[in-house]
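Here is a short report for a first look at this structure. Begin with the view below, then read on.

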Amino acid sequence: MNIVSPIARSGPAERRRSIPVDVGGVTVGGGAPIAVQSMTNTDTADIDATVNQVAELAAAGSELVRITVDRDESAAAVPHIRDRLAARGVTVPLVGDFHYIGHQLLADHPACAEALAKYRINPGNVGFKAKRDMRFSQIIEMACRYDKPVRIGVNWGSLDQDLLTTLMDENKASATPISAAAVLRESMVRSGISSADRAVELGLGADKILISAKVSDVQELIAVYRDLAARCDYALHLGLTEAGMGSKGIVASSAALGILLQEGIGDTIRISLTPEPGGDRTLEVKVAQELLQTMGFRAFLPVVSACPGCGRTTSTVFQELAQDIQSYIGSQMPVWKESHPGVEAMKVAVMGCIVNGPGESKHADIGISLPGTGELPAAPVYIDGEKAMTLRGADIAGEFKKVVEDYVARRYAPR
């Protein structure tokens, strides 16, 4: 008889010990909590629109916000954006996204260079041949002058073509050639690491460098980052580029980043969702937070567990209550997180019948098991694993919210 060996561990792998980087007061890498990043989609030259969107992203929980700096008007706007945010009490670090003429914009707009907390550059589109080396050096020189960290952002859609061609030719001449996909991955890894090493040679500290290597294919992303993590100790920013819209983008990003995070890889993350027309840009922040919290890396908001419903739960009461409690907790969190430290780790269960209701409620900090079809019209409430009371009547939702509020006040002592 064969017996399956027990699983050696139930949690994620030990975090990769990358070099810590200070990005405008947010520590990235070195064992610090995995940071959530987002990016605006406003025209940066439109100061009002950009300030509003950065503030919205920061309020949603984004700890770093990247903005496009693509021309003189946007570069000139950056210090004003920083100042207006500060006047509103928003201190989230701003990351400047530079392509093609970043060296020129940083040199021509010193106030922009000073206002940004980090520069993001892509070695594949800094320039070509001698110009590439010169422009890359100029950007690194500006980073050194203003004491700013830099993210080396490699992307398979804009890869250094000279490097890729060289590696393809070498592979073709090899006695044991590898696949074209493997050569592409090697080009990305080598571009990121060699660019980072070159920045160090130019005087930028290793504690001022992050690397990302983004593709839009889940399996390729996992393979690239595994190689990166094995071959350097620079901090790594994770993200599946061009993930797509809606559930497709959420699932693809979660699948790729979830595997890497489980393996201990990644210091910052971004969920690159295409918003619906007129949609909420902050969705990418919420998804990133939910991914980190679901996997047990961080806690941002109390978790509400609820059963999916079945023939035993023909009533919609438990669905409405779950939604009501989720909305209530979300509305209370801005107050709770300031006055009740630790409340973000609270677990609440709203269950729909007697099958799993009591057991699931006992696993939560506070839970309620509503009556299913044919069950007695009573809803037992469990607190810290013990049955505390039974609610009845038409206002179970209101009574349970009061129970949750009392629990928060008691369990998470005010500051």
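## Terms and basis

Contact means heavy atoms within 4.5 Å. This is a predicted model: local features need pLDDT of at least 70, side-chain atom pairs count only at pLDDT 80 or more, and totals for chains, interfaces and linings use all residues. Residues are numbered from 1 along each chain as its sequence is written, and side-chain values use heavy atoms, with hydrogens and water left out.

## Where α1 meets α2

In α1, I47, D48, T50, V51, V54 and A55 meet A77, H80, I81, R84 and L85 of α2. Seven residues of this contact are nonpolar, two are polar and two are charged. Here Ala, Val, Leu, Ile, Met, Phe, Trp, Tyr, Cys and Pro count as nonpolar, Asp, Glu, Lys and Arg as charged, and the others, Gly among them, as polar.

Helix α1 spans residues 47-60 and helix α2 residues 72-87. Their axes (lines fitted to C-alpha atoms over the stretch in contact) come within 10 Å and cross at roughly 50°. The two helices are therefore oblique to each other. The crossing is right-handed: the near helix is turned clockwise from the far one by less than a right angle.

## The whole protein

The protein has 13 helices and 17 strands. These are DSSP runs: helices (H or I) of at least four residues, strands (E) of at least two. The C-alpha atoms fill a box of roughly 80 × 65 × 40 Å along the principal axes.

Of the 415 residues, 49% are buried, meaning under 20% relative accessible area with a 1.4 Å probe, protein chains only. Among contacts between residues at least 6 apart in sequence, 66% join residues at least 24 apart.

Technical notes. Axes fitted to C-alpha atoms, helices over the stretch in contact; angles between N-to-C directions. Parallel < 35°, antiparallel > 145°, perpendicular 65-115°, else oblique. Buried < 20%, exposed > 50% of the residue type's maximum accessible area, 1.4 Å probe, protein only.
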